[in-house]
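Good morning, colleagues. Please take a moment with the sequence and the structure before we go through them together.

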Amino acid sequence: MCKKVNRFTLDQTVPTKSFVPEWRQADLFDLFKTIKLLLGTLGYPVFDNLRNKHKNFEVKDEMLYCKNKEIEARG
């Protein structure tokens, strides 16, 4: 998954797909989704895609500017 989201580089070879029964794959995938959710909740979204910059957001000198038709905010 890390290779798929292109967030990190892996310095290892990925082995070929071994045989895992379908029922076990479902269990492992469910476990992986739980781990992904927990890591994201704890502030480590290592398996999530990096978000694209939204055109209304701009970062300058450690400040965040948000501009819309009706409002302008800084933080």
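This is a predicted model: local features need pLDDT of at least 70, side-chain atom pairs count only at pLDDT 80 or more; totals for chains, interfaces and linings use all residues.

Which residues make a nonpolar surface patch of about 260 Å²? The patch is made by Leu28, Leu31 and Ile35.

Leucine 31 lies in helix α2, which covers residues 22-41. Residues three or four places apart in an α-helix point the same way, because there are 3.6 residues a turn.

With 20 residues, α2 reaches 29 Å from its first C-alpha to its last, which is close to the 28 Å expected at 1.5 Å a residue. After α2 comes glycine 43, and its phi is positive, near 95°.

I turn now to the overall plan. The protein contains two helices and three strands, and from the N terminus on the order is α-α-β-β-β. It has 75 residues, of which 4% count as buried. The accessible surface amounts to about 7600 Å², and carbon and sulfur atoms account for 55% of that surface. If we take the contacts between residues at least 6 apart in sequence, 32% of them join residues at least 24 apart.

Next, the strands. Strand β2, residues 63-67, pairs with strand β3, residues 72-74, in the antiparallel sense over three bridges. Together β2 and β3 form a hairpin, with four residues between them. Within this pairing, lysine 67 stands opposite glutamate 72 of β3.

How many salt bridges does the model contain? The count comes to two. In general, side chains of opposite charge can pair when their charged atoms come close.

Another salt bridge joins arginine 74 to glutamate 72, where the closest N and O atoms are 3.8 Å apart. Arginine 74 counts as exposed, because its relative accessible area of 59% is over 50%.

Thank you for your attention.

Note on methods: Residues are numbered from 1 along each chain as its sequence is written. Side-chain values use heavy atoms; hydrogens and water are left out. Patches are made of residues with over 30% relative accessible area and no salt bridge: like charges are joined within 9 Å, nonpolar side chains (Val, Leu, Ile, Met, Phe, Trp, Tyr) within 5 Å. Accessible areas come from the Shrake-Rupley method with a 1.4 Å probe; for residues, only the protein chains shown count as cover. A salt bridge is a side-chain nitrogen of Lys or Arg within 4 Å of a carboxyl oxygen of Asp or Glu. The expected span of a helix is 1.5 Å times one less than its number of residues. Buried means under 20% relative accessible area, exposed over 50%, partly exposed in between (1.4 Å probe, protein chains only). Contact means heavy atoms within 4.5 Å. Two strands pair if DSSP finds at least two bridges between them.
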